[in-house]
Structure formats: structure tokens, C-alpha cells
Amino acid sequence: MTLFQSNWSKQLNIKYPIILAPMAGGITTSELVSAVSNAGGLGMIGAGYLNPEQTRQIIREIKERTSNPFGINLFVPEQGEVDEQSIVNAQTCLKKYREELHIQNQQPALSNQNNFKEQIQIVLEEEVPVCTFTFGLPSEQIVKKLKNAGIFIMGTATTVKEAQIIEKLGMDMIVAQGSEAGGHRGTFLEHPNKSLIGLMSLIPQIVDQVNIPVIAAGGIMDERGAFAARCLGAEGVQMGTAFLTCKESGAHEVHKESILNASEDEVVLTSAFSGKKARGINNRFIREMESAERSILPYPYQNTLTKDIRKAAGEQNNPDFMSMWSGQSPRLSKNISAAELIKQVVDGYEVLKERV
Ligand SMILES: Cc1cc2nc3c(=O)[nH]c(=O)nc-3n(C[C@H](O)[C@H](O)[C@H](O)COP(=O)(O)O)c2cc1C
């Protein structure tokens with residue numbers, strides 16, 4: 001049994017089925033993505049918040065840095081309306097934080113604008129080898145277009161039903177996102193609270209119900225997690241938090257340090273920052289917003305509304321108001337290079353295999 005040979009990775013010409021989790025918000029820099037691909041893994045851009053120009057630019061930067069395959073992850077846009085009163089309530093609730101952070105403009109514009117269509121066009125034009133999706137499903141037409149262009153596509157599932165729909169749509173692979181996972185939940189069918197399945201339960205149940213490869217994501221930081229995922233039937237791992245604290249990651253230093261010093265019981269689920277459930281390190285903003293849950297707008301509105309607060313907090317190195325996404329295994333995080341992390345997982349896996 002070996003993790004490090006898998007049909008999909010052979011097909012894509014990737015040495016190790018270790019995927020850098022796409023992490024939108026500037027974490028998956030071209031340095032990090034290319035470092036992972038150059039080390040034999042699959043680097044992945046978290047392009048969810050990028051505009052078309054930034055999307056094309058990072059793809060081109062990565063092409064300069066590596067000739068190995070890499071991928072891009074897009075947020076499937078969500079519809080949704082909010083009424084005037086809810087907006088007023090949400091703004092009132094956030095007012096004291098804007099004042100505390102000395103933010104001048106107290107009424108940032110709300111928008112549900114997205115760049116999904118343009119990003120798909122760029123992925124096609126730039127011939128990005130792998131394209132993955134979260135928060136929902138692309139249309140059949142988009143799936144066909146990407147597949148006709150020879151692009152390998154993956155969807156994110158948090159339940160068996162979601163995995164089955166991804167397979168039926170014709171995607172090539174499924175990322176099974178366990179409830180341990182850092183960042184936003186990819187849930188798109190049921191209420192997020194009904195889709196919090198631990199990875200140990202999720203992988204074998206998905207594997208039994210689909211015929212395409214399944215990648216494990218959530219809490220995997222080293223060879224032990226990778227080995228366990230393989231035992232459960234996964235054909236690779238997608239690691240986020242473990243790469244977030246690496247040298248090449250673009251995460252804010254305060255965010256990196258917080259993870260490096262955190263314990264597992266400090267990591268919580270919250271919708272306070274974006275209106276969508278996400279896992280990160282507990283802080284004052286999350287705690288205080290818990291009692292103001294009714295003033296939180298749905299995604300993506302809350303995300304737009306708290307953008308200036310998160311930005312100001314970052315500029316002021318203030319962890320109280322930053323969204324410091326993390327999975328449930330922060331004690332296993334290290335500040336090493338991405339290549340070193342991959343080497344440790346690969347070497348450790350072989351030792352573990354012998355021992356077991
Ligand atoms: C900071 C951060 C940002 C993330 N952003 C994205 C994203 O843009 N797209 C996505 O599909 N998943 C995103 N995720 C979730 C990851 O794909 C993956 O499910 C998760 O990192 C796995 O758990 P782990 O962090 O414990 O390894 C993010 C995770 C983190 C920690």
C-alpha cells in the first residue's frame with residue numbers, strides 16, 4: 001500500500017498525491033504554489049477573491065516559476081437577497097469595531113459581484129491543468145467546456161450526497177472536506193450544521209458510493225494523517241493549515257504565529273466574518289458576534305461588510321479582528337519550507353508503512 005502512487009497523479013504527471021489546499025485571500029502566493037509543484041505535489045491557487053487581472057497575473061507568475069502542473073480553485077457564486085433592515089442592523093453591530101480600528105468610512109458599499117465567468121474564460125485561455133470548485137457546482141456547460149479543453153476538474157464535498165452529485169456532473173475527482181478542515185465549509189446541499197462529518201467517517205462512506213478518486217482534506221498535517229487517509233480509501237491528501245505556516249505562504253505573520261502557538265481547543269466554527277461557516281482561531285470578534293448572530297448577513301454580504309475591519313486589523317497587527325482560519329490540528333504546524341514539509345510527509349510515510 002502506498003500513498004505515493006495513484007492513477008490520477010500519474011495521469012497528471014505529479015510525483016506525490018499531495019495537494020496544496022487553495023487558500024483564498026493572498027495565502028497561496030505564486031511562490032507557495034510553485035514551491036509545492038516543484039517539490040512534486042500539486043500547487044493550487046485560491047482564486048476566489050481575485051479579479052480577472054489578478055487571476056491571469058498569478059497564473060503567469062506560476063508558469064514562470066514552474067513547468068510542473070498546478071491548479072486553480074474558484075468560488076461558485078451564490079445567489080441571495082438581503083433586505084434594508086438587515087443591512088442597517090449589521091452595520092450598527094459593526095460600528096463599534098470600525099471606530100475602535102479608526103476606520104474612516106463607516107458605510108462600505110455592499111455588493112454581490114463576482115468574477116466567476118471571466119475566471120473560467122481565463123482558466124481556458126491560460127490552459128491551467130487543474131480546476132477545482134467550492135461552495136457549489138459549476139453548470140454542465142462549464143464542466144463540458146473545461147473537460148473538452150483537457151482540464152482536470154474537481155469538486156468539494158462535505159457529505160456523500162454532494163460527492164455523488166459531483167460524480168454525476170462528470171467531474172474527475174472529489175475533495176472530501178471533513179469537519180476538521182480550516183477555512184470555509186464547501187457545503188452546498190444541506191444546512192452547514194448538518195454537514196459537519198469528521199474525515200474518518202466521511203472518507204470511507206464517500207469512497208463506497210462513488211467511482212472516481214477521493215482526496216482527503218481536514219486536519220492532515222503529516223505522514224500520520226496521510227497514512228490514515230490512505231487506509232480509509234483516499235487517493236491523496238489536500239493540506240491547508242500545514243502549508244499556511246510554511247515560509248512561502250502569504251498569510252499574515254500574526255496569523256502564522258497564532259496557528260503555530262494555538263491548541264486544538266482554540267479552533268472554532270464561526271460565520272461572523274463572512275456569513276458562511278468557517279473554521280479558525282477564536283478571537284474577540286468571533287466571541288462578541290456570537291451574541292449578535294441575528295445581525296450577521298448571509299454570505300457573501302457579511303464578507304463584503306467586514307472586509308475593511310479585517311484589512312485594518314491586519315495593518316494594525318491586531319489579532320482580535322482578523323479571520324485566522326485554521327484546521328483542528330494547529331499543534332502539528334511548523335514554520336518550514338513547503339519542499340521540506342512534502343519531504344517529511346513522503347519520508348515519514350515510508351517509515352510508518354514499514355512499522356505498521
Ligand atoms: C486559510 C484557509 C483558506 C481557505 N480557502 C479555501 C479556498 O479558497 N477554497 C477552497 O476550496 N478551500 C479553502 N480552504 C479549505 C481547504 O481547501 C481545506 O479544506 C482545508 O484547509 C483542509 O483542512 P486543514 O486546513 O486542516 O488542512 C481554506 C482553508 C484555509 C485554512
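Colleague: Does Asp222 count as buried or exposed, and at what relative accessibility?

Modeller: This is a predicted model, in which local features need pLDDT of at least 70 and side-chain atom pairs count only at pLDDT 80 or more, while totals for chains, interfaces and linings use all residues. Residues are numbered from 1 along each chain as its sequence is written, and side-chain values use heavy atoms, with hydrogens and water left out. Buried means under 20% relative accessible area, exposed over 50%, and partly exposed in between, with a 1.4 Å probe and protein chains only. Asp222 counts as buried because its relative accessibility is 11%. Its place is the loop between strand S8 (214–217) and helix H9 (223–231); helices (H or I, at least four residues) and strands (E, at least two) are DSSP runs, numbered from the N terminus.

Colleague: Which side chain does the side chain of Asp222 join through a polar contact?

Modeller: A polar contact is a pair of N or O atoms within 3.5 Å; within protein, one must be able to donate a hydrogen and the other to accept it, and residues adjacent in sequence count only if both atoms are side-chain atoms. Here the partner of Asp222 is Arg224, at 2.7 Å. Contact in the wider sense means heavy atoms within 4.5 Å. Leaving aside residues up to four places away in sequence, Asp222 touches Leu332 and Val345. Leu332, in turn, touches Met221, Asp222 and Arg224 under that exclusion of residues up to four places away. Leu332 is partly exposed, because its relative accessible area is 35%.

Colleague: Which residues come nearest to the ligand?

Modeller: A residue is near a molecule if one of its heavy atoms lies within 4 Å of it. Of the 22 residues around the ligand, Pro22, Asn73, Gly219, Gly240 and Thr241 come nearest. A polar side-chain atom of Thr241 lies 2.5 Å from a ligand oxygen, and a backbone N or O atom of Gly219 is 2.7 Å from an oxygen atom of the ligand. The protein covers 96% of the 590 Å² of accessible area that the ligand has on its own, as computed by the Shrake-Rupley method with a 1.4 Å probe.

Colleague: Which residues touch the most other members of the largest nonpolar core?

Modeller: In soluble globular proteins, nonpolar side chains tend to be buried together. A nonpolar core is a set of buried Ala, Val, Leu, Ile, Met, Phe, Trp, Tyr and Cys residues joined through side-chain atoms within 4.5 Å. In the largest core, of 97 residues, Ile45, Phe133, Leu146 and Phe243 touch the most other members. Helix H14 (residues 338–355) gives the most to this core, with seven residues.

Colleague: What is said of the backbone angle phi at Glu127?

Modeller: Most residues other than glycine have a negative phi, and most peptide bonds are trans. Glu127, although not a glycine, has a positive phi of about 50°. Phe135 also is not a glycine and has a positive phi, of about 70°. Glu127 counts as exposed, at 62% relative accessibility, whereas Phe135 is buried, at 5%. A cis peptide bond joins Tyr299 and Pro300, with omega about 5°.
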